Amino acid sequence: MLSRKSVTIIAALASASLLSSAAYAAPADPAELAAEVEALLDKSFPDDGPGAAIVVTENGKVIYKGGQGLADVEAGTPITPDTVFRFASITKQFASATMLQLIQEGKLGLDDPLSKFFPDYPEPGASATVRQLLNHTSGIQSYTGIVGWMIEENTSKAFTTDELIDEFKDTEVNFKPGEAFRYNNSGYILVGAIIEKVTGKSWDQVVVDQISKPLGLSTIAGFGDEATVPKMAKGYTSGEDGSIELAQKVHMSVPGAAGALRGSVLDLAGWADALHGEKVLSQSYYEAMIAPTALPGGESEDYGFGIAPSEIRGHKAIGHSGGIYGFSTDSTYLPEEGIFVAVFLNSDSSDIGAGLLMRKVAALAIDEAYPEFTAVTPDMEALAPLFGTYAVGDNGTRKFYARDGKLYTQRTGGGESEIFAAGDDLFFYGPDSLTWFKMATGEDGSPTMEMHQNGAEEIELATYAGPIVEDEAADVSRAILESYVGTYTTMAGPMIITLGDDNVLSAKLGGQPVIPLAAMSDTKFKVTVVDATVTFTSEGGAVTGLVIEQGGQEIPGERVAESD
C-alpha cells in the first residue's frame with residue numbers, strides 16, 4: 001500500500017498553462033504523477049470523512065495507487081487501493097461483455113427480440129432487440145425514472161427478476177425500439193434477465209464464473225450482504241445540515257445488471273487490461289462493444305454496449321461512470337497511451353465528483369494537466385460591452401451577464417452558472433468544473449466566446465447576436481396566484497408551488513432548491529435562474545395541472561393537492 005504521506009506534495013499548480021495537446025502524449029513520470037495526484041487528493045477530501053481510491057495503470061502495470069479519507073467513518077477505517085466500492089453503472093460493461101460472450105458461443109443473437117425470452121412482454125417493448133437493450137435504444141421506460149419509485153421502501157427490499165420487471169413493463173414507452181437513444185436502467189435489468197434465461201443461473205454468478213474467476217478478480221461480484229464483504233466501504237451522503245450520514249439503503253436486486261456489482265479499483269484495472277487487451281471478447285465483438293450507436297437519420301450517439309467512446313484533452317478515451325446511493329465512480333481507458341484510470345468515491349455528495357477527479361488524474365497521467373485558474377476581481381465597466389446573447393450552433397444561445405456584482409452565463413434550456421474572471425479575457429466556472437472560455441473578437445469586430453466544454457481542446461465558438469431581451473413582466477392578481485398554490489406530480493418528481501407575501505410564486509421540484517417564478521401572463525411564468533417556463537392549465541374554472549417547458553421538452557404535471 002502506498003503511504004498517504006510518503007510522497008512530497010506539490011504546493012501549487014500552474015495557473016493558466018494553455019498548451020495544445022499532441023496526438024500522442026508520453027505518460028508522466030511515476031514519481032511526479034504520484035506527487036500531483038496526492039496533492040489533488042489532499043485538497044479534495046478530508047482525512048476524517050468519506051474519500052476516494054484511485055488507480056492508474058500503463059499497459060496493465062500499476063504506476064499509481066492510493067486512497068484518501070475513510071471507508072468507515074464511524075470505525076475510522078482508512079480507504080486504500082484494496083477497499084471495495086459499489087461499481088454502480090460501471091456494472092453495465094460487465095453485463096454487456098457477459099452477454100456478448102454468450103452470443104459468441106451461439107447461445108443467442110444480438111438481434112433476437114425480447115419476446116424470444118419473455119413471450120408475454122407487451123409491445124412495443126417486446127420487439128426491442130438485445131442490441132437495443134445494450135445500447136439504450138429500446139425506448140422502454142427506465143424504472144429509476146418512474147415518479148416516486150426510488151424511495152427507500154422500494155430500494156431496500158429484495159425483488160426477484162420477474163418482480164422487478166413487473167414494476168416497469170406496463171409503463172408507457174419513451175419511443176418505439178430503435179427510434180432514439182435514452183439512457184435506460186430497465187434495459188439492463190432485461191439484459192440480466194436474458195442472461196439468466198439463457199444460462200439458468202443468476203446474472204451476477206455468470207459474471208463471476210465467466211469473468212471474475214478466470215481473470216483472478218476476486219473482489220468483483222454482486223455486492224450482496226455488504227456487512228460480510230471484506231474491506232467493503234460504507235456509502236455516505238450529506239444531511240440537510242451538511243453532516244455526514246449513511247446513504248439510502250439499496251438491495252443489490254434493485255440495480256441488478258444495471259448497477260449491482262462491487263469491487264476494488266485494482267480489480268477494475270485488471271478487468272480493463274483484459275477487456276481492452278481482447279482477452280474477454282473477440283476483436284469483432286470488442287469493436288462492436290465500444291463503437292458509437294447509429295441512430296435514424298445518419299446521426300450517432302457516443303455510447304456502445306455498456307461503455308462509451310469519448311475524449312480527454314483531445315485523446316481518444318473509452319469508459320463509463322456510475323452513481324448509486326452512497327457511491328460515485330468513474331473510469332477511462334486511453335488506447336493510444338495504454339493508460340487506464342479509475343476513481344471511486346464512497347459518498348454521493350462530495351464537493352468534487354468522481355468524473356471530474358478522474359479526468360484530472362488522466363490528464364496528469366499523460367502529462368497534459370488541465371489549466372488551473374485563479375479568480376481576479378473583474379472590471380464590470382470594462383466587461384459591459386461584452387454582455388449579451390451569443391449564438392451557439394444553429395439554434396442554441398448562451399447569455400453572458402452580470403447581477404449583484406457577480407458574472408453568469410446561461411445556455412438555452414439550462415440554468416444560470418456563476419463564472420469567475422481569471423484575467424486576460426479568460427473566464428472559468430469554479431474549482432469543481434473543467435469548463436472555461438476566452439472572450440475574443442470576430443472578423444467583423446464583434447465579440448466571440450471561445451468555449452472549452454469540460455476542458456476540451458476543441459473550441460465551441462459562440463458569436464455575439466445582440467443584447468439580452470428581457471421578458472415583459474405581467475401584473476397578476478393575488479387571487480389568481482393563490483389558485484396555483486399546491487402540489488403537482490411530474491415525471492421529474494413532485495413540484496410544490498407556494499406564494500409569498502410579496503405576491504411572488506415559487507416552485508420546488510423534487511429535491512431541488514426553491515426557485516421564484518416571474519409572471520409573463522396570467523397563466524405562464526418564467527423560472528428565474530433557469531431557462532424554463534411553467535404554464536398552469538385549467539378545466540371548468542379549476543386549476544388541474546401545469547406544463548414545464550425547458551430545452552424544447554414539455555413535462556406535464558397533474559395537480560394532486562392544494563396547500564392549506
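1. S347 is buried, with a relative accessible area of 6%, where buried stands for under 20% relative accessible area, exposed for over 50% and partly exposed for the range in between (1.4 Å probe, protein chains only). This residue lies in the loop between β15 and α10, helices (H or I, at least four residues) and strands (E, at least two) being DSSP runs numbered from the N terminus. The model is a predicted one, in which local features need pLDDT of at least 70 and side-chain atom pairs count only at pLDDT 80 or more, while totals for chains, interfaces and linings use all residues. Residues are numbered from 1 along each chain as its sequence is written, and side-chain values use heavy atoms, with hydrogens and water left out.

2. The surroundings of S347 can be listed in some detail. Not counting residues up to four places away in sequence, S347 touches P50, Y236, T237, G326, F327 and S328, contact meaning heavy atoms within 4.5 Å. The side chain of S347 also reaches the backbone nitrogen of S349 at 3.1 Å; a polar contact is a pair of N or O atoms within 3.5 Å, of which, within protein, one must be able to donate a hydrogen and the other to accept it, and residues adjacent in sequence count only if both atoms are side-chain atoms.

3. Helix α10 (residues 354-365) has 12 residues and reaches 16 Å from its first C-alpha to its last, close to the 16 Å expected at 1.5 Å a residue, the expected span being 1.5 Å times one less than the number of residues. Of the 12 residues of α10, 11 are buried, including R359 and K360, and the elements that cover the buried residues include α1 (30-44), β1 (52-58), β12 (308-312), β14 (327-334) and β15 (339-345). Just after α10, D367 takes a positive phi of about 60°.

4. Several of those strands belong to an open sheet of six, in the order β2-β1-β15-β14-β13-β12, with antiparallel pairing; two strands pair if DSSP finds at least two bridges between them. Because β2 (61-68) and β12 stand at the edges, each with a single partner strand, one side of each is left without a neighbour in the sheet. Neighbouring strands of this sheet are turned by 20° against each other on average, direction ignored, where axes are lines fitted to C-alpha atoms, for helices over the stretch in contact, and angles run from 0 to 180 degrees between N-to-C directions.

5. Within the sheet, β13 (residues 315-324) is joined to β14 by seven bridges, the two strands running antiparallel, and I324 stands opposite F327 in β14. Helix α1 packs on the sheet, touching β1 and β2, and its direction makes about 20° with that of β2.

6. For helix α8 (residues 265-276), the end C-alpha atoms are 16 Å apart, which agrees with the 16 Å that 12 residues should span at 1.5 Å a residue. Nine of the 12 residues of α8 are buried, among them D267, W271 and H276, and the helix is followed by E278, whose phi is positive, near 55°.

7. Two further residues deserve a look. Q101, in helix α2 (residues 91-104), counts as buried at 10% relative accessibility and, leaving aside its neighbours within four places in sequence, is in contact with Q210, I211, V280 and L281. E457, in the loop between β22 (447-452) and β23 (460-466), counts as partly exposed at 24% relative accessibility, and a polar contact of 2.7 Å joins its side chain to that of R313.
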